[in-house]
Structure formats: structure tokens, C-alpha cells
Amino acid sequence: MQRWAVVTTGQLRADHIAAVEGLQGPVTIERRCADLAELVAVCRTGRSDAALVIGSTELLTATVLADLQEGDRHVVAISAVAEERARLRNLGLTCFDDDVGAEALAAALQGREPARPGASAEDSGDPEETYQSNGGEPRGGVWSDRKHGEEQSPHETADPATAQRASAAPPSNVRSSNVPSSDDQLTGDSPTEDREAVRGIHGITVVWGAPGSPGRSTVAVNLAAEIALQGTEVLLVDADTLAASLVPQLGLMEETAGLAQACRAADLGRLDTQALHAATSAVQVSGARLSLLSGLPRAARWPEIRERSLQTVLQLARTRYDYVIVDVAACVEQDEELSYDTLAPQRNGAALTCLRQADRILAVGAADAVSFSRLVKAIEDLQLSLPETAAAQVEVVINKVRSEVIGRSPRDQLGQTWRRLGPDREISAFLPWDGSGCDAALLAGQVLAEAAAESPLRRGIAALAGVDQGSRRKGLLSRLRR
């Protein structure tokens with residue numbers, strides 16, 4: 001019989017440790033820890049198969065659970081507080097009340113679902129028919145306090161996306177615009193035509209690129225604006241933990257650190273659609289609206305953006321919004337752990353997490369000798385350090401194209417050089433240099449669609465977003481004739 005070692009901390013009214021030991025089965029208590037910190041330290045040694053936290057679970061967050069679950073370790077909690085059990089289940093944790101039976105607890109510590117007494121092997125695997133132990137009922141692998149016969153609330157539908165949309169609340173902190181924001185000011189003849197005008201990839205688009213200032217934030221902001229102008233729901237995320245810039249670029253007066261707020265809610269298991277909306281700011285652009293998760297006001301706050309919490313935020317955003325545009329820093333090195341003998345937070349973890357979650361990656365570099373060579377090396381490093389990004393659609397975007405730094409026929413020269421020196425993919429887009437248009441947008445705290453509507457850079461980014469500018473102008477003209 002294989003021995004199943006468990007480390008534990010805490011105690012409630014019932015003596016669960018004695019009850020499990022009394023079964024004389026494979027589950028055995030290896031060590032009782034004084035507090036959660038000692039429990040985490042013991043788990044990091046890799047000498048346990050499961051961890052049991054009893055009673056004081058307030059310090060259990062997604063970050064702590066990531067440490068405890070390292071190496072596929074099973075983590076189980078027992079709490080006498082119903083609200084705390086609900087929070088822990090939102091983190092994906094198996095949780096019981098204080099009346100749980102020893103058999104059910106031992107099975108959970110081994111990662112098994114306890115079978116009903118007298119049930120056959122064939123029907124014991126059905127989550128809806130698994131054994132109910134004194135108020136703890138496994139439903140789909142998660143234990144619930146709901147008793148048989150209780151009605152399901154509107155926010156507990158089987159489809160998570162449906163539940164999230166049902167509980168949606170409008171964002172606050174709207175930046176006012178000179179252009180009216182009524183729905184009939186949106187471009188095109190109808191919402192259907194507007195949505196069909198966007199041919200970009202749904203899901204998460206990460207705007208990344210070479211170190212320096214190739215224009216990643218400019219591309220991200222205006223990409224989100226062009227998609228929002230077509231009447232679709234867009235979330236713009238400032239996940240640059242080195243130099244967040246989207247708040248001043250959009251002319252907002254308050255830096256609310258919305259991404260940190262959302263990550264904090266996710267870390268505590270309290271992130272839902274309403275919490276995500278509370279962390280966003282709504283920005284009006286030419287009568288349309290996009291949502292913004294603002295970045296960190298100070299780079300020193302980077303430890304607040306933990307990888308597991310950010311992943312949860314992005315997964316929820318993917319179900320709530322049609323498009324998610326993320327601006328990240330350039331660095332993708334994973335060298336922080338070299339300075340520690342245990343698990344360590346990574347300053348580049350935000351960029352790495354966003355790139356792993358991306359459906360589309362725009363690799364942006366400037367059209368000069370320095371930035372161009374940096375982009376070649378950066379994409380090669382990305383492919384080596386994050387091979388999982390191969391599933392995403394990586395598109396090379398050359399920004400600030402001008403003959404003054406390249407010479408005659410800059411696009412031809414850049415294309416030939418890229419085919420000779422760059423990775424095995426073609427350049428997807430060339431964005432022209434438009435210093436005056438960008439200066440006017442920054443001065444007014446606007447996007448190019450507001451400050452320089454006829455900018456060639458704006459047209460290039462619109463094409464990159466899959467927006468048909470011809471259809472948009474046709475829709476505007478038809479409205480003017482009415």
C-alpha cells in the first residue's frame with residue numbers, strides 16, 4: 001500500500017487529523033506545522049503529497065496556492081465560514097466545512113472523489129452522484145454548500161461566460177470627449193455592419209516588441225480605438241511593469257492602477273465580472289467607448305502583478321470582451337530565479353504571462369538600424385524562451401518607416417534585409433512615420449482618430465486592426481445624406 005504523506009496546519013472543533021489517522025489507510029500525517037508560513041516552507045522541500053489547511057485560511061491566496069500546488073500537490077482546506085469556503089472554491093481549491101467525514105477528507109487529499117456507500121465502480125465517477133458528506137457536495141469536482149432541491153441563482157449558470165455577462169455593470173471614471181457619445185454616433189449604417197467591418201482576431205492581442213521605444217504603446221492605444229469605433233467591446237490593458245504610459249497618453253487625470261486592483265481581487269478569489277468592471281475606466285473616443293485597465297503608477301509596484309492572478313484576469317477578460325489589447329514591456333528574460341534558492345517573483349512575469357495567453361502577438365520594431373536589429377534578436381529570443389507562443393499568430397510590424405534613416409524605397413530595403421537576417425516569417429505591416437500626428441494626439445490626450453483623422457499612421461493601424469476604412473467612410477456619408 002502506497003504511503004500518502006500529508007502536511008497540515010490549524011485546527012477547528014473536530015479533530016480531523018485523528019479521524020484520518022484512525023482510518024489506517026494510505027493517508028498519513030507527516031507533519032503538523034505551526035502556521036501557514038511553515039506549511040509553505042515544508043511543501044517547498046517536496047516531501048509531501050498533499051497539504052491540509054484547517055481553520056485560519058484568510059492568508060490563502062492564488063499566489064500562496066501556486067507555491068503549495070507546485071509538483072501536482074493536492075491542497076485541501078477546511079473552514080467553518082461559508083463565505084470563506086466560497087472564496088476558496090473560486091480559487092479552484094477543494095474545501096469542506098468542519099463536519100466533513102474522514103473518508104471524504106482522505107479521498108480529497110489523494111485527489112479522488114469519494115464514492116457513495118454501496119455504489120458500483122461504474123456510477124461512482126459521476127460528479128452529480130458522488131457521496132455527500134454532511135453539507136459538502138462535490139459538483140463538477142468542486143465542493144458546494146448547496147443542498148439538494150435548492151434553486152440555482154441567476155449568477156450560477158452552467159456557462160461561466162453567460163454568468164459573467166449577466167452580472168455585468170457599466171464601467172466608471174469615463175473620460176469626457178468633445179464628440180457626443182450617443183449610440184447613433186457610431187460609424188456605419190448599423191451595428192451589424194460595424195462589427196463585420198472588423199476582421200481582426202478575436203481574443204487577446206499582445207503588442208510586444210524590441211527594447212527601446214519602437215511605438216508599442218502608440219500601436220496598442222490606436223489599435224484598440226479603431227476596433228472600438230466599429231461598435232465592438234474592447235478592453236485595453238496596460239501590463240507594462242517597467243514603464244506604464246497609457247493613462248497620460250489617453251489624457252486621463254487619475255492613475256488608479258486598475259490592473260493591480262483586478263489582480264488583487266483575483267489573488268483573493270473575489271474576481272468576477274463586477275469586480276473587473278470596477279477596476280476599469282471607460283474612455284470615450286469619437287463617440288465610441290473602450291475600457292481600460294490602467295497600469296502601475298510606479299514601476300516599483302511590479303510585485304503586485306503576480307503571474308497566476310494576471311492569468312485569471314486575462315481569462316475572464318477573454319470571455320467578457322470581444323477584443324482584449326494588451327501593452328507589455330519588451331523584456332522576456334526569466335533570470336530572477338537565478339538569484340534565489342526558492343521560488344521567486346519575476347519582474348518580467350507580466351509580459352511572459354500575457355505572451356503565453358495571447359491569440360495574436362504584434363512584434364513591433366522601429367525602422368532604424370538599432371531598433372531593427374534589436375527586433376530580429378528579440379523574436380529569436382522569444383521563440384527560444386517561450387516556445388509555447390508558437391500557437392499564437394506572431395505578426396512582425398515595422399513602425400516609424402521613413403526614408404531619412406533607411407534611404408530610398410525603405411519598405412523594399414527593410415523587406416530584403418529581413419528576409420536575409422530575420423526569422424522565418426514575413427513582415428506583416430509597415431507603419432509610416434507621422435511625428436506631427438502623434439504630437440497632436442499626445443498634446444490633446446487623444447487617439448489619432450480624434451487628433452489626426454487623416455493620418456497615414458492612423459490608416460496603417462486601422463488596416464492592422466482589420467478595419468475597412470472605405471466601409472467606414474461610406475457609412476458616415478450615408479448618415480450625412482439622411
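Biologist: Where does serine 409 lie?

Modeller: Serine 409 sits in the loop between helix H15 (403–406) and helix H16 (410–421). Helices here are DSSP runs of H or I with at least four residues, strands are runs of E with at least two, and both are numbered from the N terminus. This is a predicted model, where local features need pLDDT of at least 70, side-chain atom pairs count only at pLDDT 80 or more, and totals for chains, interfaces and linings use all residues. Residues are numbered from 1 along each chain as its sequence is written, and side-chain values use heavy atoms, leaving out hydrogens and water.

Serine 409 is not a glycine, yet its phi is positive, about 50 degrees. Its relative accessible area is 43%, so serine 409 is partly exposed. Buried means under 20%, exposed means over 50%, and partly exposed is in between (1.4 Å probe, protein chains only).

Aspartate 72 is another non-glycine with a positive phi, about 60 degrees. The loop between helix H3 (62–68) and strand S4 (74–78) holds aspartate 72. With 71% relative accessibility, aspartate 72 counts as exposed.

Now to a buried helix. Seven of the eight residues of helix H5 (residues 102–109) are buried, so H5 is largely enclosed by the rest of the structure. Ala102, Leu105 and Leu109 are among them. The cover over the buried residues of H5 includes strand S1 (4–9), helix H1 (16–22) and strand S2 (27–33). Here contact means heavy atoms within 4.5 Å. Glycine 111 follows H5, with a positive phi near 80 degrees.

Next, a helix with one buried side. H12 has 14 residues and reaches 20 Å from its first C-alpha to its last, close to the 20 Å expected at 1.5 Å a residue. That expected span is 1.5 Å times one less than the number of residues. The buried residues of H12 are Ser309, Leu310, Val313, Leu314, Leu316, Ala317 and Arg320. They cover an arc of only 165 degrees around the axis, so they lie on the same side of H12. The arc is that of the directions from the helix axis to the C-beta atoms.

Helix H10 (residues 258–267) meets helix H12 (residues 307–320) through Leu259, Ala262, Cys263, Ala266 and Asp267, which touch Ser309, Leu310, Thr312 and Val313. These residues divide into six nonpolar, two polar and one charged. Ala, Val, Leu, Ile, Met, Phe, Trp, Tyr, Cys and Pro count as nonpolar, Asp, Glu, Lys and Arg as charged, and the others, Gly among them, as polar.

How values were computed
Axes fitted to C-alpha atoms, helices over the stretch in contact; angles between N-to-C directions.
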